[in-house]
Amino acid sequence: MIILGINYYFEHPAVAIIKDGELIFAMEDERLTRIKHGKSYTPYKTYLPIDAIYSALKSCNLKSSDIDEIALSYNKWNHLKSLIGCFTGERLSSLQEELQAFNTACNFLPALKNGYEIPRRYRDLMEPSDFSTIKIKEWDHHISHAASAFYFSEAKEALVFVIDGSGERACSSVYLGREKNLKKLRQINLPHSLGFFYSFITEHLGFEPFSDEYKVMGLAAYGENKFQDEMKQLLQINEDGSYEVNIKLLKSLTTILGEKRKKEEPLQQIHKDIAKSTQVRLEEAVINLIKSAIKTTKVSDVCLAGGTFLNILVNSQIAKLPEVNSVFVQPASHDAGTAIGSAALSYYSNNNHDAVDKIKYDGMLLGTEYTNDEIKKYLEQSGVDFEVMLNPAQRIAELLNKENIVAHYRGRMEFGPRALGNRSLLASPQSERTKYKLNELKVREQFRPLAPLVLDEYFHEYFDGEKNRFMMFTVNVKKDKRELIPAITHADGTARSQVVYKEHDPFLHELLNEFYNLSGLPILINTSLNVRGKPIDESPYDAMASFYTSGVDYLVMGHFLVKHPTKK
């Protein structure tokens, strides 16, 4: 059975394919369109991730006629039922806007079936008439998130928490996952959104809401919790685990937090303190909800999904709770991850639950891949000089040990917001100068931290905290190691580590070992391969464009090495 999962609503349009119980492909549409986040949400536009659908079929050697079911991660009819909230104050947008959003959701299937947005160049794999016969299932947004966490964890029983801006109506949901079933235990609806709480303050601090929340998280390390009383006014936390957001006050933040920071204004201590206070209050609300659910159900294994759980500080606080036995965070916790969640729901609904094992997958390297022959063709057509590396891991390690920054492009593309080594900028962590250079090259704020790759065997020698392959937790850098790796040690002594295992990523493991042999450090800096305002690079063309416009020292693509023209 072949299931095509699609997220098309709100943000991060994406697709996923599950074939006979295995997740074989997943990718955000932004990687192909080169429009970061895929689109800006508007209720007046129907959006089909056509490029991603075509890329998925091509990568998996499939045609549209091979698809047994399409699983959508949003239920337009439940959205319609919730529009009474436009009159009760639950919804922040007008009835006209919400009705238009419903209409655009209704337009998705006719646009797909009639082929209005399918280019002729895609008709070899995508025939519009096929979509008229394929079964299509709409799943609720939050259960799609929940499925993306529980069904891709190792847990047989777990509490599943979904927290984001909102789904059709829900802002926070709690599910009990057992075997192949998800049972909803609790739901907190609009307007009480922790996602909105954090995003409104993100905007107040001069950043882009629903995009730059990670900047607020990074900025929090430099502040103090001086606005806790104001945060309590904005976000009330109740003894039963629930919470309430004061939307009226949230929409007029200047009355309690002072003037809104303009985008290019220098950051002052007050902004850092607001960020810290916001982060602390968010953690308190989430932890209160989780503790309450564990107390009620006596279930101590936890799975997490929804955009709020891209906040690694929240995740790390959850992992430290004595009530929690284990934590799994879906690496693609943002809306793109609902594509794999909805696909999983459809797969299980079409199979006998008792006879079907958990869906197979090995990690988040689920996107497109280019062969060495294809990469070589790109290089030859561009007319650049390149070197064929006989021992790539050793050669790259030598360059990194000399404080060079290397753009690393290899294998399948990562699914989710994190570059995990295949579409990454790599560098040595030994010098503070490297951090400043990388942030300058990517036009990043200097207060933002850089993440380390670390060999599994040496993790506990350098860090204390939760080991994770996908950079979903923050860990403490041991005090006696901080001077050795200043480029990845944040202002509060933490790091967002990615643990590399030989069985999961043999090449990256080999590269780290080669660097360790030269430098004595089993750690490298890893940040995404892209330029400001663009998504992570998908094709060799994208990687070359970033390389030549950023000033990175070397570009590695497959077995080929290119030196920047300005590099002596």
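I'm working with a predicted model, where local features need pLDDT of at least 70, side-chain atom pairs count only at pLDDT 80 or more, and totals for chains, interfaces and linings use all residues. Residues are numbered from 1 along each chain as its sequence is written, and side-chain values use heavy atoms, with hydrogens and water left out.

Sheet. I looked up the strand order and got β8-β7-β6-β11-β12, an open sheet of five strands with mixed pairing. Strands here are DSSP runs of E, at least two residues, and helices are runs of H or I, at least four, numbered from the N terminus. Two strands pair if DSSP finds at least two bridges between them. β8 (181-189) and β12 sit at the edges, each pairing on one side only. From one strand to the next, the twist averages 20° (axes are lines fitted to C-alpha atoms, for helices over the stretch in contact, and angles run from 0 to 180 degrees between N-to-C directions).

Zooming in. β6 (residues 157-163) and β7 (residues 170-178) run antiparallel, joined by seven bridges. Phe 161 stands opposite Val 174 in β7.

Helix. α6 (residues 141-150) packs on this sheet and touches β6, β7, β8, β11 and β12, where contact means heavy atoms within 4.5 Å. Its direction makes about 45° with that of β7.

Pocket. Which strand gives the most to the lining of the second largest pocket? I found β12, with four residues. A pocket is an open set of points on a 1 Å grid over the protein atoms alone, where a 1.4 Å probe fits, with protein on both sides within 12 Å along at least five of seven lines; lining residues have an atom within 4 Å of a point. This one has 25 lining residues, and Phe 328 and Tyr 361 are among those nearest its centre.
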